[in-house]
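Work through the exercises below with the sequence and the model open. Try each task before reading its solution.

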Amino acid sequence: MDTLVDDKQPTDTVETLENDVSNDEVWEIIDKEDDEDLRNLSAGVYAFILLIIGIPLWWRMTEVQRHPLPYAEISQLGTVDVVISTDIFVYTKNPYVTDRIIEQMYTTFNSTMFKINAQPSTLINSDRSLNELEMVITPLGSLQLIETNSVDDIIVGIGRNIYFPPNTDIELLMDSLLRLLQTDALSDSMISMLNPGNHSDDQQVVTDRQRRVRPSSDYNVLLTVVNPEPEKLHVDWKPEIPLNRYLQPLLDQLKLISNFSVQSQWLYLIDLVQKPPKLNTTFVLDKNHAQYIITPLEKKLGSGVSRNPCIHFVVYVTPCSYIPLYFHENDQLTTAMMSARWGGVQFLNANEISCNESVSFIPDDLSIMTPIITQFHSLIGVPNMSKHMSLIPLKSSTLRQWQLDSMYRLKIIEQYTNTRITLTSLSRLLGEISNIVIIKEVGKAVTESVEAATKVLHCLERGQLEEALEYSKIAFETSEFAFTHPSLLALLYFPDDQKYAVYIPLFLPVMIPVLMSLKGVRKWIYFKYNI
C-alpha cells in the first residue's frame with residue numbers, strides 16, 4: 001500500500017505543473033490581447049482627435065476673415081444713370097411765348113443728365129426794378145426766367161433769377177441755361193474720371209477741370225508771406241485780418257461742401273532762384289518760370305503736416321532791387337499767377353519810400369485778397385460766367401446763389417463718381433484675391449458707402465441738392481476709409497501654397513504614422529467585433 005501511494009505523488013505533481021503552465025500562458029495571451037486593444041484604441045483615439053478635431057480646428061484658425069460685401073449692389077451702381085431733377089420757372093407777358101420757351105427747354109435738355117421740370121412762374125408783375133425783382137425767392141437748385149423791360153440783354157442775378165428783355169432769341173436763352181447749369185462741366189467731370197482718355201470737346205471746360213484741386217472732405221488753406229530782405233524792408237501787415245474779412249465768409253458758405261482750415265505764416269530770407277530780367281523800367285518773370293519760386297518754397301511751406309490737400313497762396317514781397325516785379329502772361333503784365341491744383345503766387349511791390357527811407361510798408365488788403373479770392377474760385381470749381389453773359393455785381397466775397405447750387409452739383413458728381421470708382425476697384429481687388437482680410441469694420445464701411453451712394457441718386461432725381469450732397473460726402477468718406485484701411489495692406493494674409501509650405505513639414509511627420517496605424521486599427525476592429 002505504501003508503495004502504491006508513493007507511485008501516485010509524482011503524477012499529481014506533473015499535473016499541477018501543467019496546470020500552472022497553462023494558466024500562465026492564458027494570462028500571457030490575455031495580457032497581449034489587452035496590450036493590443038489598448039494600443040489600437042489609443043491609435044484610434046489619437047487619429048480621431050487629429051483628423052476629426054485637430055485639422056478642422058487648424059483650418060478654422062488659419063482661415064482668412066472675410067466679412068460679406070454687397071458685390072451685387074456695387075455692380076448695380078455702374079448701370080444706373082445719374083439724373084438731376086431741376087425746376088425752372090418761366091415768366092413772360094405772353095403765355096404763348098412761355099409755352100414756346102418751356103417746349104424748347106425740354107428739347108434742349110433731353111440729351112443731358114438733367115431732368116427739367118419747367119412750368120409757368122407765379123410771378124404777377126415784372127415791371128419793377130432789378131433790386132425789387134431780386135427779392136423774389138427761388139427755391140434751392142431751381143432757376144427762374146423773368147422777362148422784364150428793366151434790362152437790355154440777358155442778365156443773371158445774385159439769386160437764382162435770370163432776366164431777359166422781350167423778343168430775346170430763345171436759342172440764346174437756352175445757351176445761357178446750359179452754361180448756368182454747367183451741363184458740359186458735369187458730364188466732363190464724370191466721363192474723365194470713369195474713362196481718363198475721354199473728355200469734353202470744350203477746351204475751356206477741360207482746362208477748368210484740370211485746375212481744380214482733387215476731391216476731399218477737408219482742405220487746408222495756407223497763406224504764406226515771404227519777405228526775402230526783412231533787414232531792408234519792414235512789412236506791417238497782419239494776414240489774419242483780411243483772411244477773416246474776405247475769405248472766411250466764403251468758406252462759411254461752403255461748409256456743407258468741405259471743411260476748410262485757414263492758417264497763415266511768415267517766411268524770411270528766401271531769395272529768387274532765377275534773377276528776373278529788366279524790361280524798360282520793370283522787372284518781368286515769365287509765368288512758366290514761376291516754378292523757380294514755388295520749388296524752393298515747397299520744403300518750407302509745411303504742407304506735409306496734414307494728410308488733407310493744401311491750397312497755397314504765397315505773397316512774395318519783392319526785394320527793393322527788383323521793384324516793380326511782374327509776371328508775364330498772355331502778353332500782359334500781372335502781379336499774380338495761379339498754379340493748377342496747387343494755389344497761387346503774387347508779388348507784393350513796395351513803394352520807393354519804404355525802400356529808401358526805411359519806412360514800414362503797409363499793403364492794401366483788398367489789392368492782395370482780390371487775386372486770392374479769384375484763384376480760390378478757380379481751384380475749387382466756382383463757375384465764372386462773366387465772359388459769356390452779364391452779371392449783377394456782388395458787393396461781397398460770397399458766391400451768388402446759383403453759383404452755390406452749381407458747386408453743390410459739381411461736388412455731388414465728383415464725390416459720387418469717386419465713390420463708384422473706389423468701390424468698384426475695391427470689390428474687384430477683393431474678388432480676385434480671396435486671401436485678403438476683410439474685417440467687420442471694412443465691410444460695414446463698404447455697405448454704408450453703397451447705401452449712401454444709392455441715396456445720392458434718389459435725392460438727385462427728386463431735386464434735393466443738400467440731401468444729395470450730404471449723402472455723397474458720406475459715401476465718399478466711407479469708401480476712402482475702406483479702401484485705405486490698414487488691414488488691407490498689413491500683410492495679414494498669404495496664399496494657400498505658402499500656407500501648405502509652412503504647415504506640411506509640421507504635420508507630415510505626425511500624419512504618416514497616424515495614417516499607417518489606421519490600417520491596423522481597421523483589422524483589429526474587424527477581427528474583434530466580426531464586422
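On a 1 Å grid over the protein atoms alone, a cavity is a set of points where a 1.4 Å probe fits but cannot get out, and a pocket is an open set with protein on both sides within 12 Å along at least five of seven lines; lining residues have an atom within 4 Å of a point. Grid points are joined across faces, edges and corners, and a volume is the space filled by probe spheres set on the points.

The model is predicted: local features need pLDDT of at least 70, side-chain atom pairs count only at pLDDT 80 or more, and totals for chains, interfaces and linings use all residues. Residues are numbered from 1 along each chain as its sequence is written, and side-chain values use heavy atoms, with hydrogens and water left out.

**Exercise 1. Describe the largest cavity and its lining.**

Step 1. Search the whole structure. The search finds 1 cavity of 30 Å³ or more. The largest cavity has a volume of about 40 Å³.

Step 2. List the lining. It consists of Gly141, Ser142, Leu143, Leu180, Leu181, Trp402, Asp405, Ser406 and Arg409.

Step 3. Assign elements. Helices (H or I, at least four residues) and strands (E, at least two) are DSSP runs, numbered from the N terminus. Helix α12 (residues 401–432) gives the most to this lining, with 4 residues.

Step 4. Sort by class. Ala, Val, Leu, Ile, Met, Phe, Trp, Tyr, Cys and Pro count as nonpolar, Asp, Glu, Lys and Arg as charged, and the others, Gly among them, as polar. The lining of the largest cavity then divides into 4 nonpolar, 3 polar and 2 charged residues.

**Exercise 2. Which cysteines form a disulfide, and where do they lie?**

Step 1. Apply the rule. A disulfide is a pair of cysteine sulfur atoms within 2.5 Å. The count comes to 1.

Step 2. Name the pair. Cys320 and Cys355 form the disulfide, with their sulfur atoms 2.2 Å apart. Cys320 lies in the loop between β10 (310–317) and β11 (325–329) and Cys355 in helix α10 (residues 352–356), so the pair ties together parts that are 35 residues apart in sequence. Their C-alpha atoms are separated by 6.0 Å.

Step 3. Get the hand. The torsion about the S-S bond of Cys320 and Cys355 is about -85°, so the disulfide is left-handed.

Step 4. Check accessibility. Buried means under 20% relative accessible area, exposed over 50%, partly exposed in between (1.4 Å probe, protein chains only). Cys320, at 25%, is therefore partly exposed. Cys355, at 18%, is buried.

Step 5. Look around Cys355. Contact means heavy atoms within 4.5 Å. Not counting residues up to four places away in sequence, Cys355 touches Leu233, Cys320 and Ile323. The peptide bond from Ile323 to Pro324 is cis, with omega near -5°. Pro324 lies in the loop between β10 and β11.

**Exercise 3. Characterise the nonpolar cores.**

Step 1. Define the set. A nonpolar core is a set of buried Ala, Val, Leu, Ile, Met, Phe, Trp, Tyr and Cys residues joined through side-chain atoms within 4.5 Å.

Step 2. Take the largest core. It has 96 residues, and those with the most contacts inside it are Met105, Leu145 and Phe376. Helix α12 gives the most to this core, with 11 residues.

Step 3. Inspect Leu145. Leaving aside neighbours within four places in sequence, its contacts include Ile88, Phe89, Met105, Phe164 and Leu177.

Step 4. Take the second core. This separate set of 22 residues includes Ile270, Ala290, Met337 and Phe347.

**Exercise 4. Which residues other than glycine have a positive phi? Consider Asn167 and Asn330.**

Step 1. Read Asn167. Its phi is about 65°, positive although Asn167 is not a glycine. Asn167 lies in the loop between β5 (161–164) and α5. At 81% relative accessibility, Asn167 counts as exposed.

Step 2. Read Asn330. Its phi, near 50°, is also positive. Asn330 sits in the loop between β11 and β12 (332–334). At 67% relative accessibility, Asn330 counts as exposed.
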